[in-house]
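Here are my notes for a first look at this structure. Please read them with the model open beside you.

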Amino acid sequence: MKKFYVSVILIILLGLTTPASQLDTIKTEVYDHLSALSHLTGNYVLELDLLNTSDLDKYSNELFTWKIDPSWKKKLIPGQRLESRMVLPVTISEKKKAVKKANITLDLKVLNPVAYSSRLIYRGEIFGEDNVVFVTRNSLTLPGSVFKSLAELKDCEARYDISESRLLTGASIRKIPVLKKGSKINLVFAQGRLKVTAEGLAMQDGYIGEKIKVQNLASRKYLEGKVVDQYTVSVN
């Protein structure tokens with residue numbers, strides 16, 4: 001299994017008398033569970049802030065133990081987008097007897113390097129080191145799908161003109177078409193044993209298996225055909 005190296009910053013906002021050991025147990029459990037989720041991979045920094053603990057100071061001495069109710073884990077589904085704020089139900093016990101139930105707010109940040117345009121990128125331009133820069137951002141606050149490496153942008157191009165310093169999302173890119181509008185192509189007419197070819201022109205971009213509009217250059221007629229490869233369109 002591929003190992004991912006994770007940098008961790010755990011920031012705990014506490015009342016001054018709340019013992020670190022009690023909250024260390026909580027934060028370790030939270031971190032371990034979040035780290036096991038399948039979509040938290042690659043180069044990221046996980047920041048956890050535990051809030052709303054100051055009113056629990058009177059339960060801060062060694063007579064009490066704090067434990068998170070396991071029900072909070074049921075709300076976290078592997079592969080599902082995390083929320084930046086979650087409520088942790090905590091049970092405080094004295095001599096193994098529950099004496100207090102409280103809710104602690106978990107403030108979560110997942111910091112990733114994400115792709116931005118380093119300059120104006122024109123429609124149809126391929127992504128690479130000359131036009132993409134990676135900036136560390138909290139991915140939980142970013143809209144839609146984002147890209148965390150150039151490998152994720154392989155074989156992709158800009159769907160439209162993208163101005164400088166813009167976040168690259170799934171809406172702004174597309175896979176490079178097999179056929180480009182304006183490309184000269186072979187039109188293949190096949191019926192039974194009869195097969196006729198003609199020179200044509202792609203009137204729109206297309207992917208393998210997709211139907212596109214083409215023009216027969218000999219007859220000047222416009223037809224619809226299915227893309228077979230980067231040079232061929234099948235027309236019935």
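1. Strand S11 (residues 211-216) pairs with strand S12 (residues 222-227). The sense is antiparallel, over five bridges. Across this pair, valine 214 stands opposite leucine 223 in S12. Bear in mind that this is a predicted model.

2. Look next at the link between these two strands. S11 and S12 form a hairpin, with five residues between them. Arginine 220 sits in the turn and has a positive phi of about 65 degrees.

3. S12 also pairs with strand S13 (residues 232-234). This pairing is antiparallel too, over two bridges. Valine 233 in S13 is the bridge partner of valine 227. S12 and S13 form a hairpin with four residues between them.

4. Leucine 201 has glutamine 215 in S11 as its bridge partner.

5. How do the five strands close up, and in which order? They form a barrel in the order S9-S10-S11-S12-S13, with mixed pairing. Neighbouring strands of this sheet are turned by 55 degrees against each other on average, direction ignored.

6. Now the nonpolar cores. The largest has 28 residues, of which Ile26, Val30, Leu34 and Trp66 touch the most other members. Helix H1 (20-35) gives two or more residues to this core, as do strands S2 (45-51), S3 (64-68), S4 (85-94) and S5 (97-117). A second, separate core has 11 residues, including Ala115, Leu153, Ala158 and Ile173.

Definitions and conventions: Residues are numbered from 1 along each chain as its sequence is written. This is a predicted model: local features need pLDDT of at least 70, side-chain atom pairs count only at pLDDT 80 or more; totals for chains, interfaces and linings use all residues. Side-chain values use heavy atoms; hydrogens and water are left out. A nonpolar core is a set of buried Ala, Val, Leu, Ile, Met, Phe, Trp, Tyr and Cys residues joined through side-chain atoms within 4.5 Å. Buried means under 20% relative accessible area, exposed over 50%, partly exposed in between (1.4 Å probe, protein chains only). Two strands pair if DSSP finds at least two bridges between them. Axes are lines fitted to C-alpha atoms, for helices over the stretch in contact, and angles run from 0 to 180 degrees between N-to-C directions.
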